[in-house]
Amino acid sequence: MPGVGDACSFEGGCGRTPTAGGRPDPQRREHAGLPPLLIQVGSSELLLDDAVRLTGRAGADEVEVTLEVVPRQPHVFQLDDGSAEAAAALERAGRFLLARPGGERKDAGRPIR
């Protein structure tokens, strides 16, 4: 089926199992073999239930997964330049990445921004 593959892409989405419309559905895919996941979602997020469901399914497939639910935050709250919650979430995401193989800092000593 065109557009359905093993990897994620902007155009084709993720996974091998298509939805009824023929598009891949990341909720229905097999997650085994994925690298560790960090899922950050606001409690006011329209997709909160999807994030929780994805966390459970990935964990059931033996994927290391961390779910962070940030109180009273909307969709893509991390993009709000003036928000302390956004800054803290981005800092945690940076630390998550640095803790992974290949995540060494090239600018040791400078804060992550």
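Strands β1 (residues 37-42) and β2 run parallel to each other and pair over 6 bridges. Getting from β1 to β2 takes the chain through helix α1 (residues 48-60), and this β-α-β crossover is right-handed. Keep in mind that this is a predicted model.

**Layout of the chain**

- Count up the elements and you get 2 helices and 2 strands.
- Reading from the N terminus, their order is β-α-β-α.
- Within the strand pairing, Val 41 has Val 69 of β2 as its bridge partner.
- Of the contacts with a separation of 6 or more, 46% link residues 24 or more positions apart.

**Inside and outside**

- The chain has 113 residues, and 27% of them count as buried.
- Val 52, Leu 67 and Val 69 make up a nonpolar surface patch of about 210 Å². Val 69 is also the residue that bridges to Val 41.

- Ala 89 belongs to helix α2 (residues 84-98). Is Ala 89 buried or exposed? Ala 89 counts as buried because its relative accessibility is 0%, and the cut-off for buried is under 20%.
- Setting aside neighbours within four places in sequence, Ala 89 touches Gln 40, Phe 77 and Gln 78.
- Take Gln 78 from that list: Gln 78 and Ala 89 are 11 residues apart in sequence, and their C-alpha atoms are 6.6 Å apart.

**Salt bridges**

- Side chains of opposite charge can pair when their charged atoms come close. In this chain the count comes to 4 salt bridges, and three of them are described here.

*Arg 53 with Asp 50*

- The side chains of Arg 53 and Asp 50 form a salt bridge at 2.3 Å, N to O.
- Both Arg 53 and Asp 50 are in helix α1, 3 residues apart, or about one turn of the helix.
- Arg 53 is partly exposed at 37% relative accessible area, and Asp 50 is partly exposed too, at 27%.

*Arg 92 with Glu 68*

- Arg 92 and Glu 68 make a salt bridge in which the closest N and O atoms are 2.8 Å apart.
- Why does this pair tie together parts that are 24 residues apart in sequence? Because Arg 92 lies in helix α2, while Glu 68 lies in strand β2.
- Which of the two partners is buried? Glu 68 is buried, with a relative accessible area of 17%, whereas Arg 92 counts as partly exposed at 32%.

*Glu 91 with Arg 95*

- Glu 91 and Arg 95 meet through their side chains in a salt bridge of 2.9 Å, N to O.
- These residues are 4 residues apart in helix α2, so about one helical turn separates Glu 91 from Arg 95.
- Glu 91 is partly exposed, with 23% relative accessible area. Arg 95 counts as exposed because its relative accessibility is 52%, and the exposed class starts over 50%.

Terms used: Residues are numbered from 1 along each chain as its sequence is written. This is a predicted model: local features need pLDDT of at least 70, side-chain atom pairs count only at pLDDT 80 or more; totals for chains, interfaces and linings use all residues. Side-chain values use heavy atoms; hydrogens and water are left out. Buried means under 20% relative accessible area, exposed over 50%, partly exposed in between (1.4 Å probe, protein chains only). Contact means heavy atoms within 4.5 Å. Patches are made of residues with over 30% relative accessible area and no salt bridge: like charges are joined within 9 Å, nonpolar side chains (Val, Leu, Ile, Met, Phe, Trp, Tyr) within 5 Å. Accessible areas come from the Shrake-Rupley method with a 1.4 Å probe; for residues, only the protein chains shown count as cover. Two strands pair if DSSP finds at least two bridges between them. A crossover is right-handed if, with the strands pointing away from the viewer, the path from the first strand over the helix to the second runs clockwise.
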